[in-house]
Amino acid sequence: MPDNQIAGHIEQVRHQIEQSCAQYQRNPDSVTLLAVSKTKPAEAIREAWQAGQRDFGENYLQESLEKQQVLSDLDDIQWHFIGPIQSNKTKAIAEHFQWVHSVDRLKIAQRLNDQRPEGLPPLNICLQINISAEESKSGITLDELPELADIINQLPRLKLRGLMAIPAPANSFEAQRQPFAALNQALQQLQAKYPHMDTLSIGMSADMDAAIAEGSTIVRIGTAIFGARDYSQRQ
Ligand SMILES: *Cc1c(COP(=O)(O)O)cnc(C)c1O
């Protein structure tokens, strides 16, 4: 992108978060902007970092590890893994990320727990919920949630922070808001037992306002910051 365009987009998204928080009587500091940098070059991430952005979301392990290496001079950067997880990738994820949003089965949680290096703090985890019950999508159902949350809350090297979801696209604000409301309610039920659970990872470029209306604490924004993605270079 041309000079400073990414910085300008971040400023616009931050402004939109503030407006949305004002509208729904929320503190703007309660919403973290996660810049989703999958398929984008390390230089785009550096530009965002220079504009004050610290949290970055990545979906493809190998691509992300290469960029992390190039960007190892950037202080204070937080890497979030948000893509589907194969079990042979858990070790590198446990070693190189601060957050994992896409945990959707016990086996993966167990491996991340066992492989989280001793010298690092517990890995922050969100459970991915298949809120629109799409067959093609990863995630557990809300019915499966309480039991899995109970087990994962016992794993010492993980810190279960909350829930993540990617609802099916919807074309009205009210239709976007509905699945987010169900997630918000599910988190509140868990919080009665586990008050440390504080995270709703919901809202992307197209449905951010509806997610903030329903209590999002992390919005995952790619396109609105970095522009459209080009997948043709990926194998
Ligand atoms: C790609 C991706 C995003 C960002 O989506 P945009 O529509 O580009 O904002 C958010 N969350 C997940 C899990 C993604 O894979």
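1. Let me start with Arg54, which counts as partly exposed at 25% relative accessibility (buried means under 20% relative accessible area, exposed over 50%, partly exposed in between, with a 1.4 Å probe and protein chains only). Its side chain meets that of Asp76 in a salt bridge, 3.5 Å from N to O (a salt bridge is a side-chain nitrogen of Lys or Arg within 4 Å of a carboxyl oxygen of Asp or Glu). Asp76 sits in the loop between α3 (61-70) and β3 (78-81) and Arg54 in the loop between α2 (42-50) and β2 (55-58), so the pair ties together parts 22 residues apart in sequence. Helices (H or I, at least four residues) and strands (E, at least two) are DSSP runs, numbered from the N terminus.

2. A word on ground rules. This is a predicted model, in which local features need pLDDT of at least 70 and side-chain atom pairs count only at pLDDT 80 or more, while totals for chains, interfaces and linings use all residues. Residues are numbered from 1 along each chain as its sequence is written, and side-chain values use heavy atoms, with hydrogens and water left out.

3. With a relative accessible area of 58%, Asp76 is exposed. Its phi is near 70°, a positive value in a residue other than glycine. Thr39 is another entry for the backbone check: its phi is positive too, about 70°, although Thr39 is not a glycine. You will find Thr39 in the loop between β1 and α2.

4. How many salt bridges does the structure hold? The count is 10. One of them joins Asp198 to Arg161, with the closest N and O atoms 2.9 Å apart. This pair links distant parts of the chain, since Asp198 is in the loop between α7 (173-193) and β7 (199-201) and Arg161 is in strand β6 (residues 158-165), 37 residues apart. Asp198 is partly exposed at 38% relative accessible area, whereas Arg161 is buried at 16%.

5. Glu214 and Arg177 form a further salt bridge, and here the closest N and O atoms are 2.8 Å apart. Glu214 lies in the loop between α8 (208-213) and β8 (218-221) and Arg177 in helix α7, so this pair too links distant parts of the chain, 37 residues apart. Glu214 counts as buried at 12% relative accessibility, while Arg177 is partly exposed at 22%.

6. Now the hydrophobic side. The largest nonpolar core has 62 residues, and Leu112 and Leu163 touch the most other members (a nonpolar core is a set of buried Ala, Val, Leu, Ile, Met, Phe, Trp, Tyr and Cys residues joined through side-chain atoms within 4.5 Å). Setting aside neighbours within four places in sequence, the contacts of Leu112 include Thr90, Ile93, Val100, Leu123 and Leu158 (contact means heavy atoms within 4.5 Å). Another core, of seven residues, lies apart from it, with Leu34, Val36, Ile82 and Cys126 among them.

7. Which aromatic pairs are worth a look? A search of the whole structure finds three. Rings of Phe, Tyr and Trp (its six-membered ring) pair if their centres lie within 6.5 Å; planes under 30 degrees apart count as stacked, over 60 as edge-to-face and the rest as tilted. Tyr24 and Phe173 are stacked, 6.5 Å centre to centre with 10° between the planes. Tyr24 lies in the loop between α1 (5-23) and β1 (32-36) and Phe173 in helix α7, so the pair ties together parts 149 residues apart in sequence. Tyr24 is partly exposed at 22%, and Phe173 counts as partly exposed at 30%.

8. Phe56 and Trp79 make a tilted pair, 6.0 Å centre to centre and 40° between the planes. Phe56 is in strand β2 and Trp79 in strand β3, 23 residues apart. Phe56 is buried, with a relative accessible area of 0%, and Trp79 counts as buried at 5%.

9. Last, the ligand. It is surrounded by 13 residues, the closest being Lys38, Asn59, Ser205, Thr223 and Arg229 (near means that one of a residue's heavy atoms lies within 4 Å). An N or O atom in the Asn59 side chain is 2.7 Å from a ligand oxygen, and one in the Thr223 side chain is 2.5 Å from a ligand oxygen. A ligand nitrogen is 2.8 Å from an N or O atom in the side chain of Arg220.

Note on methods
Polar contact = N/O pair within 3.5 Å; in protein donor to acceptor, adjacent residues only side chain to side chain.
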